[in-house]
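I open the notebook on this model. The entries below record what I looked up.

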Amino acid sequence: MMSKLHFLSRSQISVQKGFLSIEFFYAIMIFALGSLVCLSVVTHFMKFSLASSPKLMLEANTTILQIEHYLQASLIAEISPSRARLEIVDSAKLNGYGDINKSGSLYNQDILLPMQHFEITLLNGNQMRLAQTPILSNTLAPNTRFGILCRDLSAESVLITSLDASNIASLNKTFTLKEDVCPIAIPLESSAIEITYAGHKLFINGEILLEGVDTFEFLRNGNFVEFSLCVANNCYRGGNYVASFVEFL
Amino acid sequence: MSFKCANTLQGILSKGFLSVWGVFMLAFVGLLITFIMARSPTASLSHIYVKTQLELYEKSMYELHLSCLRAFGIDECKDLSYQFDTYFIANSHAFLLSPRVILLDVFVETQNILTSHLQHISRRHILVKN
């Protein structure tokens, strides 16, 4: 069997080498074509072969992620089994981007600075003043909302009604506590977010988030808010920590 | 019969040729499987799974840095990094905004093994010294 190879002449070998490159080329084309066909067929059938409808599953999962995101971004959360009212932190002012009007205020030691200071230097009745530094701007302005955070980690949202010349803001609430007990003010979004469940539908601020929900329930366990929802006989659970922005060392 | 078949095959293909076909076969099957994985309906679910995992590791990293700050102070624990589960890389950085307020930034990233997308999460926490 092996001896047959000895009878191959030089020309026969060169012909074989030529065939090699052609076959090489064909191999690429055939496998590329084959893999494309297989790919489309398999993905097409995979959609039907999954036990539950992937689209429904994905919608429920996206809803869970969305609710988890809002829970995580909230500073103040009022939770009842079918309703959650969340005060969301203004992430632009918290995470930074600095103030374009002040030179060198975007970064400090490679860190993106927040827009404003969080420390309260004066809290007396319905008056509040924030700490000032040359690089951070003062975002205290009428009709902006802040969450005032105290040492027991309870927070209260306030609305600034007016601002006087010495940067002392007037609040719509009166505090009996002083700034040493409530030392932090965090900027909030202009309106709260409400997640409600009514009539087999989930709503966010009155707009439909998910339809065809069989059961839905919020469950608060200290700092952790858990929720469960059932869609088309599939039940999902999600949850996240609320009000986890501030910690006292 | 089989001997005759093998004989003609040997005539057409040399041993090197067969291995070339083998390599191609493996490469294309591998590519095919990765494409199917990346485009399958389960890929989007893996994104959600990784997102949840990132949230949990962010929480862990935050608590790790917090306990470091409580034990040693800010001078010792400015930057921390840790690798969770070999694939999840977490970094945290503490910055003294004012003598009483510390900003703690936590960043966790990973590469989704199924779809090879980079997924990451970043959070800022405010810490107040007593």
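A:Phe19 sits in helix α1 (residues 10-49) of chain A; helices (H or I, at least four residues) and strands (E, at least two) are DSSP runs, numbered from the N terminus.

The model is predicted: local features need pLDDT of at least 70, side-chain atom pairs count only at pLDDT 80 or more, and totals for chains, interfaces and linings use all residues. Residues are numbered from 1 along each chain as its sequence is written, chains are lettered from A and ligands numbered from 1 in the order written, and side-chain values use heavy atoms, without hydrogens and water.

I then looked at confidence (pLDDT, per residue, from 0 to 100). Chain A has a mean pLDDT of 82, with 88% of its residues at 70 or more.

Five strands form an open antiparallel sheet in the order β5-β8-β7-β6-β9 (two strands pair if DSSP finds at least two bridges between them). Its edge strands are β5 (120-130) and β9 (184-188), each pairing on one side only. Strand β6 (residues 145-149) of chain A pairs with β9(A) in the antiparallel sense over five bridges. I noted A:Leu188 in β9(A) as the bridge partner of A:Arg145.

Methods: pLDDT is the predictor's confidence in each residue, from 0 to 100.
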